[in-house]
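Open the model in your viewer and keep the sequence panel beside it. The stops below each say what to select and what is there.

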Amino acid sequence: MNGALAVVDALFLGHFAGPQALAAVTLMFPPYMLIVALATLGSSGMSSILARQLGAGRVQEACATYSAAHGLAAFMPMLRSICSSKPSRRNIRRRPNA
């Protein structure tokens with residue numbers, strides 16, 4: 001489904017917004033898909049572990065898994081934003097020479 005939406009987006013952007021907008025969206029599509037794939041991987045794995053623990057009656061372990069899943073869900077976006085941000089030379093103020 002995401003592939004079909006990307007084709008439709010590309011058609012509209014190429015026609016109405018121009019080639020630079022199309023290039024920007026085309027460049028960001030693979031990183032976006034990687035982020036979606038990692039989120040799906042984490043949520044599917046944690047829900048599988050949680051279901052098996054609850055099915056076996058291990059409620060305490062299920063609570064720990066639930067907490068770990070939410071901790072991971074909160075930590076990963078922060079890590080991604082820290083790793084992807086780099087200081088720009090425009091944002092650095094220089095002292096005037098005295």
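**Stop one: an aromatic pair**

Searching the whole structure turns up 1 aromatic pair. Select F12 and F16: their ring centres are 5.9 Å apart and their planes meet at 15°, so the pair is stacked. Rings of Phe, Tyr and Trp (its six-membered ring) pair if their centres lie within 6.5 Å; planes under 30 degrees apart count as stacked, over 60 as edge-to-face and the rest as tilted. Both F12 and F16 sit in helix α1 (residues 2-17), 4 residues apart, about one turn of the helix. Colour by accessibility and F12 counts as exposed at 51% relative accessibility, while F16 is exposed with a relative accessible area of 62%. Buried means under 20% relative accessible area, exposed over 50%, partly exposed in between (1.4 Å probe, protein chains only).

This is a predicted model, in which local features need pLDDT of at least 70, side-chain atom pairs count only at pLDDT 80 or more, and totals for chains, interfaces and linings use all residues. Residues are numbered from 1 along each chain as its sequence is written, and side-chain values use heavy atoms, with hydrogens and water left out.

**Stop two: the whole chain**

Switch to a cartoon view. The chain has 3 helices and 0 strands; helices (H or I, at least four residues) and strands (E, at least two) are DSSP runs, numbered from the N terminus. Of the 98 residues, 4% count as buried.

Now colour by pLDDT, the predictor's confidence in each residue, from 0 to 100. The chain average is 81, and 85% of the residues score at least 70. Confidence is lowest in α1, with a mean of 81, and highest in helix α2 (residues 19-55), at 86.

**Stop three: a polar contact**

Which residue does the side chain of Q53 join through a polar contact? Select Q53 in helix α2 together with T65: a polar contact of 2.7 Å joins their side chains. Such a contact is a pair of N or O atoms within 3.5 Å; within protein, one must be able to donate a hydrogen and the other to accept it, and residues adjacent in sequence count only if both atoms are side-chain atoms. Q53 is buried, at a relative accessible area of 9%.

Select L79 in helix α3 (residues 59-84). L79 is partly exposed, with a relative accessible area of 34%.
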